[in-house]
Amino acid sequence: MKVLVVGGSGFIGSHLCRELQSRGHSVTAMSRSPTSEDLPDGVEKAMGDVTDYDSIAGAFEGKDAVVNLVALSPLFEPKGGNRMHDIVHWQGTENVVKAAEAHDVPRLVQMSALGADSEGDTAYIRSKGKAEQALKSSSLDWVIFRPSVVFGDGGEFVSFTKRLKGMFAPGVPLYPLPGNGQTRFQPIWVGDLTPMLADAVEDDAHVGATYTIGGPQKLTLRDITEMVYDEEGKNISIVPLPMGLAGVGLTVLGAIPGFPMGKDQYRSLQFDNTTDQNDVGVFGVDAADMKTLGDYLAERN
């Protein structure tokens, strides 16, 4: 198949391009500035920005499937403010759908997010929900993935814990975690996720399905923070930061130009990023065989 991966030089995209290529597909990676160092040999590169339809449309010609991975991080407030979530996720997806329909591309696999809801609590979650609606109202054979946080080489989730400490308690061996770090995540390794995405590209049985995907463990932010520092042999004392106080702090700090978090990130820490309906079994995967975050950290060190 000829597959276009939109956002193909990013964290998940580069891993997916490698997976698709290993299965014998002809792969094109599109991004705003694709570079060879991010992609395996043989993957074609196309330059395009999903917020500019004319810049992306030509790359859809002759493709059998498209995977849309373009996303802003939910962990930090984007440059340009929260309105960028709608511009990139919702309007960007509308442009991808329009280009796929115009060039008769039959299949579109969409990376959404766990909890995506057009009426959700954060701009990120709302934009992901509206993007899903745009896809479902199209004429395309679509497949939607709603994963929890994804970790792996090139990802930002592990480093997020360190960056969070740098914002709340730089230079001291104390780590004040909002709500004592009780927000739960279900981290999934990128190497477990990308074969599922590739299966959805290939297999008609997945058309019209929305999959909630998580890793083998549900971990609190405190669990994850302790694991990251323990694996590096560093001592850290975690102290609880009341959620209300964290909300005030992020609201005030978020008003400072350049500060990377704000009210939306505070809201996101108030609900879990987990699923009780883990659809990995649809892809023949046993959750017990998936890589845990602890396994990954041990391998890195």
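User: What should I know about the model before we start?

Analyst: This is a predicted model, in which local features need pLDDT of at least 70 and side-chain atom pairs count only at pLDDT 80 or more, while totals for chains, interfaces and linings use all residues. Residues are numbered from 1 along each chain as its sequence is written, and side-chain values use heavy atoms, with hydrogens and water left out.

User: Why is D104 called exposed?

Analyst: Exposed means over 50% relative accessible area, buried means under 20%, and partly exposed lies in between (1.4 Å probe, protein chains only). D104 has 65% relative accessibility, so D104 counts as exposed. D104 lies in the loop between helix 3 (83–102) and strand 5 (107–111), where helices (H or I, at least four residues) and strands (E, at least two) are DSSP runs numbered from the N terminus.

User: What makes the phi of D104 worth a remark?

Analyst: Most residues other than glycine have a negative phi. D104 is not a glycine, yet its phi is positive, at about 55 degrees.

User: How do you know that strand 5 is largely enclosed by the rest of the structure?

Analyst: Five of the five residues of strand 5 are buried, so the strand is largely enclosed. R107, V109 and M111 point one way and L108 and Q110 the other way, and all are buried. In a regular strand the side chains alternate between the two faces of the sheet.

User: Why are helix 3 and helix 4 called roughly parallel?

Analyst: Angles, taken from 0 to 180 degrees between N-to-C directions with axes fitted to C-alpha atoms over the stretch in contact, count as roughly parallel under 35 degrees, roughly antiparallel over 145, roughly perpendicular from 65 to 115, and oblique for the rest. Helix 3 and helix 4 (residues 123–136) pack at an angle of about 10 degrees, with their axes 8 Å apart. The two helices are therefore roughly parallel to each other.

Conventions
Right-handed = clockwise from strand over helix to strand, strands pointing away.
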